[in-house]
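Work through the exercises below with the sequence and the coordinates at hand. Each task is followed by a solution in steps.

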Amino acid sequence: MSLLFLSLALASPAAAAPPAPVAVSAETQIVERSIDDLAADLTAGRTSSEALVRAYLARIEAIDRKGPMLRSVIATNPEAIAQARMLDAERRAGKLRGPLHGIPVLVKDNIDTVGMATTAGSLALKDNMTGRDAPLVAKLRAAGAIILGKTNLSEWANIRSTRSMSGWSAVGGLVRNPYALNRTACGSSSGSGAAAAASLAAASVGTETDGSIVCPSSINGLVGMKPTVGLVSRTHVVPISHSQDTAGPMTRSVRDAALMLTAMAGSDAADAATAQADAKRVDYAAGLDANGLRGVRVGVVRPQNLSPDLASVFDVALEKLKAAGAVLVPVERPATPGLGAAEFAVLLTELKADLDAYLATTPNAVTARTLDAVIAFNSANASSEMPFFAQEIFLDAAKTKGLDDPAYRTARETSLRLAGKEGIDAMLAKADVALLVAPTAGAAWLSDPVHGDQSDGPSASGLPAVAGYPHLTVPMGMVDGLPVGLSFFSTAWRDAEVLKAGYAFEQQAKARVAPRYLPSVEAGPGLDGVR
């Protein structure tokens, strides 16, 4: 089983303030534009935040609801235009909150957001209007970001079944990959990945337990940053595991990811894991440097049995790292017998305990207020909730004995030791390297409702996910017309170093390719007789 798929009041502006600028066309305004690009247009008066919101909403209607029909956005924020007008007024009054001021972003629909339901993709939570912002959302708003809407996801963050189809939820349907519509967008942050790749917002937020930021980012040609667990609050986020869960940015560039992470990071008294976050967080964008790899020793983890095409792209990426000044050192991944079983035991136990705790805080309109009640709801609504795959993981989690169970405590100690001290930390120390690189994942596989996920490629997510260490993926090339990413990871709280290295590689490689919304890669040039 893989878990890859796992307000401020404002006085009226001064009478002498200039009128809001006239909106330009959506295509010239937003497609493939960075946060810095959009901020420059806002500063120069070439556009307004209201115009940006309207342009993104129009693009969502054209690309997500119609046309390729990506199904990556579950809901748009009915207050987005009002929020944009408020931020435009602040700008005219000379009040700027930072680089995200007036920038529209999307957040995954397992993150509580005022004004919208938080469904986790399940019909059991369709009425989950919590009326609260998760702290990470509150931080984004305080930084000036506009919450444009909520993204689709693998239902319950892909923890319901071993035979799940990544990107599918009963609420949102199946997310489609913008590079090839019949291919997976990976999970569980599939909607955040597809939406950011398709320029449906300036950036998006995903969550990860094991692979659910980095896999959809890699497969959708994005930068994805899974921070150190505890750098970003998990309060009011539908949980799987307090040991491994975290939110993180999914963007079209490393700098955009750094800007987002700077806004999102910080301590939260309600989340004990974040006690050190305020002391550890920095301005991640300020630390980026195109020369940031010069003289840096980088450990290269080469998975066995890479496909020839993926191996070729990986080799080119390694040459780009060397061209950026990195000193490459081969590193063998140590044997970690029992890691998978120990991780799964931890996730099962924490799923029941953590989900029950979250559901107990939902409004009275939500009737499924425990994991057992969700299981019963799914069984009673099987035709809509379980048309393709069942809920055997939920059933196993329901049988667990709680956080005081000695078997659970042993499993957590084992998994943390194998992934951390005897895993990543040992690899770094043995090779005397600052960070490690590896292919993030293989190229996108076909979406298959009969057999579920059929990935046979590598996955770099496991060790940093279990250890709770930072993990960044950056586009490194294309395999058969489909994006693949290069992973950078290190030990705890080295988020800034990982981002700095990823930025230096990105500036050397410039490997991101915009999506073309092909029906399938098999219909591309050279395969359909077109030359």
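The exercises concern a predicted model and treat its sheet, then one serine.

**Exercise 1.** Determine the strand order of the open sheet and find which strands stand at its edges.

Solution. The open sheet has 11 strands, in the order 1-3-2-6-8-7-12-13-11-9-10, and its pairing is mixed. Strand 1 (73-76) and strand 10 (327-331) each have a single partner strand, so one side of each lacks a neighbour in the sheet. Between neighbouring strands of this sheet the average turn is 30 degrees, direction ignored.

**Exercise 2.** Describe how strand 12 and strand 13 are joined, and which helices pack on the sheet with contacts to strand 12.

Solution. Strand 12 (residues 471-479) and strand 13 (residues 482-489) run antiparallel and are joined by eight bridges. Within this pair, valine 484 of strand 13 stands opposite glycine 477. Helix 8 (residues 254-264) packs on the sheet and touches strand 12, as well as strands 2, 6, 7 and 8; its direction makes about 145 degrees with that of strand 8. Helix 10 (residues 308-323) also packs on the sheet, touching strands 9, 10, 11, 12 and 13, and its direction makes about 120 degrees with that of strand 12.

**Exercise 3.** Is serine 49 buried or exposed, and what does serine 49 touch?

Solution. Serine 49 belongs to helix 3 (residues 49-65). Its relative accessible area is 0%, and buried means under 20%, so serine 49 is buried. Beyond four places in sequence, serine 49 touches Leu42, Ala84, Asp88, Gly102 and Ile146. For glycine 102, the backbone oxygen lies 3.0 Å from a polar side-chain atom of serine 49.

Notes. Residues numbered from 1 in each chain as written. Predicted model: local features only at pLDDT ≥ 70, side-chain atom pairs only at ≥ 80, totals over all residues. Heavy atoms only, no water. Pairing = 2+ DSSP bridges. Helix = DSSP H or I, 4+ residues; strand = E, 2+ residues; numbered from the N terminus. Axes fitted to C-alpha atoms, helices over the stretch in contact; angles between N-to-C directions. Contact = heavy atoms within 4.5 Å. Buried < 20%, exposed > 50% of the residue type's maximum accessible area, 1.4 Å probe, protein only. Polar contact = N/O pair within 3.5 Å; in protein donor to acceptor, adjacent residues only side chain to side chain.
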